[in-house]
Amino acid sequence: MTKLYQTSVNLAENVREELVFLLNRRVGLFTDLYVQTKLAHWNVRGPHFIAYHELFDSIADHTLEAQDSMAERAATLGGQAGITIQAAAEQSGLSPWPLDTRQDTAVIRLLGERLHHAADQIRADIDTAANLGDADTADLFTEVSRQLDKDLWLVEAHYAE
Ligand SMILES: [Fe+2]
């Protein structure tokens, strides 16, 4: 773990180190999620094209906003912000996006699976940050979690019953 920068933020150094590590892992997860969401946005085909194309773009925007907020929280806590795209791909836990899948109803389920994975991680992070005594990072994860849950609803509402 890299040494933290000096900061007057009033949290113990070991707590800030753990939070920076966690935040950067999620920055990586959201980097992978962003690219996969854009691959869905670009490649989807079928009768639901325009609805899915637009929905996926709005989810990609939310993914970038969350990535930026988490990276800047890592910097605020005195850490190096972000990880390389190579590390992100290794650590994200997402399966690679299957580029040969284009059919709209298949694509939306693949994206739903990835959002589900990310939502599970972030929900657990809320408690981790709270247990470390950082209500602000817990609040940030809560905000990210709420948006992910909403996007997951918008995706899953398209599944055929
Ligand atoms: Fe676009």
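**Figure 1. Asp57 and its salt bridge to Lys38 in the predicted model**. Asp57 is partly exposed, with a relative accessible area of 24%. Its partner in the salt bridge is Lys38, and the closest N and O atoms of the two side chains are 2.7 Å apart. Asp57 belongs to helix α2 and Lys38 to helix α1, so that this pair, 19 residues apart, links distant parts of the chain. Lys38 has a relative accessibility of 13% and therefore counts as buried, the limit being under 20%.

**Figure 2. The salt bridge between Asp125 and Arg26**. The structure holds 5 salt bridges, and in this one the closest N and O atoms are 2.5 Å apart. Because Asp125 lies in helix α4 and Arg26 in helix α1, the pair ties together parts that are 99 residues apart in sequence. Asp125 and Arg26 are both buried.

**Figure 3. The salt bridge between Arg123 and Asp149**. The two side chains meet at 2.8 Å, N to O. Arg123 is in helix α4 and Asp149 in helix α5, and the pair, 26 residues apart, links distant parts of the chain. Arg123 counts as partly exposed, at 40% relative accessibility. Asp149 is also partly exposed, with a relative accessible area of 29%.

**Figure 4. The largest nonpolar core and the surroundings of Phe30**. This core has 44 residues. Those with the most contacts inside the core are Phe30, Phe56, Met70, Leu115, Phe141 and Leu148. Two or more residues each come from α1 (13–43), α2, α4 (104–131) and α5 (135–156). Helix α1 gives the most, with 11 residues. In soluble globular proteins, nonpolar side chains tend to be buried together. Beyond its neighbours within four places in sequence, Phe30 is in contact with Thr63, Ala66, Gln67, Met70, Ile122, Val144 and Leu148.

**Figure 5. The aromatic pair of Tyr52 and Phe56**. A search of the whole structure finds 1 aromatic pair. The ring centres of Tyr52 and Phe56 are 5.8 Å apart and the ring planes stand at 40 degrees, so the pair is classed as tilted. Both residues lie in helix α2, 4 residues apart, which is about one turn of the helix. Tyr52 and Phe56 are both buried.

Figure 6. With a relative accessible area of 15%, Arg73 is buried.

**Figure 7. Glu54 and His41**. Glu54 is found in helix α2. The relative accessible area of Glu54 is 51%, so this residue is exposed. Glu54 and His41 are 13 residues apart in sequence, and their C-alpha atoms are 7.4 Å apart in space.

**Figure 8. Arg109 over the ring of Tyr159**. Arg109 lies over the face of Tyr159, at 4.1 Å from the ring centre.

Technical notes: Residues are numbered from 1 along each chain as its sequence is written. This is a predicted model: local features need pLDDT of at least 70, side-chain atom pairs count only at pLDDT 80 or more; totals for chains, interfaces and linings use all residues. Side-chain values use heavy atoms; hydrogens and water are left out. Buried means under 20% relative accessible area, exposed over 50%, partly exposed in between (1.4 Å probe, protein chains only). A nonpolar core is a set of buried Ala, Val, Leu, Ile, Met, Phe, Trp, Tyr and Cys residues joined through side-chain atoms within 4.5 Å. Contact means heavy atoms within 4.5 Å. A salt bridge is a side-chain nitrogen of Lys or Arg within 4 Å of a carboxyl oxygen of Asp or Glu. Rings of Phe, Tyr and Trp (its six-membered ring) pair if their centres lie within 6.5 Å; planes under 30 degrees apart count as stacked, over 60 as edge-to-face and the rest as tilted. A charge sits over a ring if NZ of Lys or CZ of Arg is within 6 Å of the ring centre and within 35 degrees of the ring normal.
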